[in-house]
Amino acid sequence: MGLFDAFDASGSALSAERLRMDVTAENLANAQSTRAANGTGPYRRKEVVLEQAGSGVGSSASFADSLQAARGVKVAGIVEDQTPMRKVYDPGHPDADAKGYVTMPNVNTVTEMTDLIGASRAYEANVTAMQTAKSMFTRTLDLLK
Amino acid sequence: MLTSGAEWGVPSVDGATSGAGAAQQAGGGSGFGSMLTDQLGKLEGVQNDAAKASQALATGQASDPEAVVMAVERARLSMQLASTLRNKAVEAFNDVFHTQV
């Protein structure tokens, strides 16, 4: 473990949580979008997939070894939620089908709000971890004074 | 006298190395001296990274504010570590210097 590994781990988590917040904001913004940017039907809810960063961590490796190879978290990708779309009866809508139903995005505002709270709290937790690492380092330096 | 002439010479590392001379003199030993010079070189790199990152943030080119904060914080802590070690070394040097003979 290097001097600033705790910072690097927390820092990568901060970036990851910010991305989660960005994606949630995008979902909320497009909760009523009946047309996606790629032109294929309504907007589909996006989700961030996170994975542990670092390589060479075999299942036989001890926890200390895997910690040594660990470099925080990284974003594996942003995937689309495949749950079915909502159908809303609105015959006046330009995107309504022959029966008058409009296919709305599979975005649930309540889920997005809880995701937002989760991302915010996780961000807070990582900031606290970083602050603790910093104060531990400073305390160690104080030994020399 | 343990320290020979060669060990007193500090290869110049641009910028923030004004304290290096005193620190190396106090520490003595070529191993410690070269280690110190190495570390000061790295310290300068870290400081430059922080300066670049802050500038990018100030001019609106930084897309990742966390990276900027991390760079600045890393630079601050590295500087703190270096200056504490330097002060300690100078203190030790002064202790030797003020020895009654």
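In which elements of chain A is confidence lowest and highest? The mean pLDDT is lowest in helix α2(A) (residues 63-69), at 64, and highest in strand β4(A) (residues 101-104), at 94. Here pLDDT is the predictor's confidence in each residue, from 0 to 100. Over chain A as a whole the mean is 88, and 88% of the residues reach 70 or more. Where pLDDT is low, the predicted coordinates should not be read in detail.

The model is predicted: local features need pLDDT of at least 70, side-chain atom pairs count only at pLDDT 80 or more, and totals for chains, interfaces and linings use all residues. Residues are numbered from 1 along each chain as its sequence is written, while chains are lettered from A and ligands numbered from 1 in the order in which they are written.

Chain B contains four helices and zero strands. Its elements run α-α-α-α from the N terminus. Helices (H or I, at least four residues) and strands (E, at least two) are DSSP runs, numbered from the N terminus. Of the 101 residues of chain B, 23% are buried. A buried residue has 20 or more other C-beta atoms within 10 Å of its own, an exposed one 12 or fewer, and a partly exposed one a count in between; C-beta atoms are placed from the backbone.

Helix α3(B) covers residues 30-58. At 1.5 Å a residue, its 29 residues should span 42 Å, and the end C-alpha atoms are 42 Å apart, which agrees. The expected span is 1.5 Å times one less than the number of residues. Buried positions in α3(B) include L36(B), L40(B), L43(B) and V46(B). G60(B) follows the helix, with a positive phi near 80°.

α4(B) packs against helix α3(A) (residues 109-142) at about 10°, with the axes 10 Å apart. Axes are lines fitted to C-alpha atoms, for helices over the stretch in contact, and angles run from 0 to 180 degrees between N-to-C directions. The two helices are therefore roughly parallel (under 35 degrees; over 145 is roughly antiparallel, 65 to 115 roughly perpendicular, the rest oblique). K134(A), F137(A) and L141(A) meet E73(B), L77(B), Q80(B), L81(B) and T84(B). Contact requires C-beta atoms, placed from the backbone, within 7 Å.

Terms used. Contact = placed C-beta atoms within 7 Å.
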